[in-house]
Amino acid sequence: MQKFCRIALAVSISVGFSLTTFSGLAYEKSNVPEELPVLAPESQHATASKRISARFTRAHYKKVKLDEALTSEVFDRYLKQLDYARNVFLASDIDNLQKYRDDFEQVIARGRLDVAFDIYNLNLQRRLERYEYALTLLDKPFDFEKNEVYNFDREDADWPASEAELNELWRLKVKSDALNLTLTGKKWQKVKEILSKRYNYAIKRLKQSESEDAFQLVMNSFARVVEPHTSYLSPRNAERFQVDMNLQLEGIGAELRAIEDYTVIHRIVTGGPADKSNQLKAKDKIVGVAQGDEDFEDVVGWRLDDVVELIKGPKGTTVRLQVLSESSDDDANIRIVSIIRDIIKLEDRAAKSEVYLENPQMNDSKKLGVITIPSFYNHLSRDVKKEIAKLKEQGVEGIIVDLRGNGGGSLTEATLLTGLFIDKGPVVQIRDGANRIVVNSDKDGISYFDGPLTVMVDRYSASASEIFSAAIQDYGRGVIVGEHTFGKGTVQQHRGLGRVYDLFDKPLGSIQYTIAKFYRINGGSTQHRGVLPDIAFPTAVDPEDWGESKEENALPWDQIAKAQYTPLNDISTDIDYLTSLYQQRIKENQEFKYLLEDIETYKAEKDDKTISLNLAERKAKREQRKAKRLKRVNEQLAKLGKEKISDLDDLDDELDELDPFLDETARITFDLISLGKVAKK
């Protein structure tokens, strides 16, 4: 099935806070454990805040006015971000903090951040108390025979009115954690050990909180009140943004994750320095880092992003690592690995192609090309042009462009990619905040592939994916297959906050903000509405309950005059014919029957936000689901001509090749080929 690429070196930063003394808060600074950091704004933060406010009010597509109404929304959003599940603050805390609501205009407009940091610090103290309380609940086993339930979705719940009510919420939370481990066969002592380590590690991460964490949260509370695709990026996140767009970085070529106190290698990037050294492998633990011949720094217990900063560096420089193998915790087994950094290209996140055979058993089987595009990164169209050339050499009769899970990227690349499949013409219309409309067009007069084309989309396909899909649809150039897309019809600009004359010790980060909306060449916006596929696959998700339409503060749908273009084909009648063939096929398609069963189960259970804490009930439900899953898996294995299994734990990657959506899209494409549809010159 579909796989989603994940950001290399992504860092999950826990929400961490500390407490300072200010009038009205329940705790004084003297009550805070010495190890807990007391966070305060740094010198660059006030300047960054004022520059962010100025940019949003002067250059954002949406007219932004820093008034009491907006900053009051920011205050509410900030509290929501601090305590999303409403199980950290007490109702009395929230009531007490209301007096600072009016101060948020000064926080946002003038960079007077002390109040925001004080609230952030109070949250840290409350979180520390919660985890310390959670640890006390592990003194004795839970009674899993009681008929209790845990509510795992408290976004709209009231804040607890008393400490006793808060304790009860956390008792049920910890009991749920313990039950999940018990269901895996672990005895109480092992459950207690795992949860103790988990909660203590959470406390350690709270104590590693930094001022940038607080600043980032309050600025993003502001940004998201303005518009959901507007954001502040810390200096580290700004750098990761550039990595994602360019698909390259300088370092050793390893994806890292934090597991308890260790920085662990998750994956070695093929062809990178770590891969070429043959000295590192997945699950190795990095315990020390040194630059060149300098002394090692012990990094056990460090934040992941701090370890990443030490390891990465310019091409040609040397980094030395102290490494423990997966199964070893003995310092005597530490080995030292020396690696010369280089430029690493993230090839696994670039466009790829493969040949799909209609009948693999036949030597003269018809062929399709499948081009998978994970994102619209810089130079995507150049890469796809090469893949098209390779596929044409192999004699493909049609091409499938797979945009499932593709959240977008470069607007320019969306235009260039469309241009590979049409001779010339407009691709997308862009309207800025001053209502000026610009049309991005393909002008080269060359179509690099003019045969039958289908485009696969799903509800995660957004932005640039929707521009490309909409243009192909409006021209009648190909058939769009899949789910209703996300519905993001806005254009963002990425801009650094720093100035050449700045004298700060630390960089200021950057912002991403909306500067325009884009429109299909037929005049309609993809904002909210997305792209409706010509042939829709079954889905559990209602378009009204997903995507841009569910985002707070999203810009509305609208339309403008259509661009001057001439459709290449009128395929509406062909769509009806192709749909009838598709619907007949899926009635007999076992994989689609499984899908429809899962959709019914999802719809029946989706509104229930509770889970039973009764062991027998959970075991019975789990065994029922395992039996159903095992039966299905063995039916799938039999269809593939593979041996059945007796336990789901024995299943490796035998079913990875199953992709019923791609298979059905291929059948639709072969039907399209049989109609002889090609792009007109």
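**Coiled-coil stretch, salt bridges and domains**

Tutor: In this predicted model, the span of residues 599–643 is 71% helix and 7% strand, and its end C-alpha atoms lie 28 Å apart.

Student: What does UniProt list for residues 599–643?

Tutor: The UniProt record, in an unreviewed entry, lists residues 599–643 as "coiled-coil region", and such an annotation may be inferred rather than shown by experiment.

Student: OK, switching to charges: how many salt bridges does the structure hold?

Tutor: There are 33 salt bridges in the structure, and one of them joins the side chains of Lys190 and Glu193, with an N to O distance of 3.6 Å.

Student: Where do Lys190 and Glu193 lie?

Tutor: Both belong to helix α7, which covers residues 188–207, and they are three residues apart, about one turn of the helix.

Student: And is Lys190 buried, exposed or partly exposed?

Tutor: Lys190 has a relative accessibility of 39%, so it counts as partly exposed, and Glu193, at 39% relative accessibility, also counts as partly exposed.

Student: Which residue does Lys312 meet in a salt bridge?

Tutor: The side chain of Lys312 meets that of Glu309, at 3.1 Å from N to O. Lys312 is partly exposed with a relative accessible area of 21%, a value to read against the cut-off, because buried means under 20%. Glu309 is partly exposed as well, with a relative accessible area of 31%.

Student: What about Glu664, which residue does it form a salt bridge with?

Tutor: Its partner is Arg585, and the closest N and O atoms of Glu664 and Arg585 are 2.7 Å apart.

Student: Is Glu664 buried or exposed?

Tutor: Glu664 counts as buried because its relative accessibility is 0%, whereas Arg585, at 23% relative accessibility, counts as partly exposed.

Student: Last topic: what domains does the domain assignment give?

Tutor: The assignment gives domain 1 (44–226), domain 2 (248–345), domain 3 (349–498 + 507–574) and domain 4 (586–679).

Student: And what separates the centres of domain 2 and domain 3?

Tutor: Taken over C-alpha atoms, the centres of domain 2 and domain 3 are separated by 38 Å.

Notes:
Residues are numbered from 1 along each chain as its sequence is written. This is a predicted model: local features need pLDDT of at least 70, side-chain atom pairs count only at pLDDT 80 or more; totals for chains, interfaces and linings use all residues. Side-chain values use heavy atoms; hydrogens and water are left out. A salt bridge is a side-chain nitrogen of Lys or Arg within 4 Å of a carboxyl oxygen of Asp or Glu. Helices (H or I, at least four residues) and strands (E, at least two) are DSSP runs, numbered from the N terminus. Buried means under 20% relative accessible area, exposed over 50%, partly exposed in between (1.4 Å probe, protein chains only). Domain bounds come from an automatic or database domain assignment.
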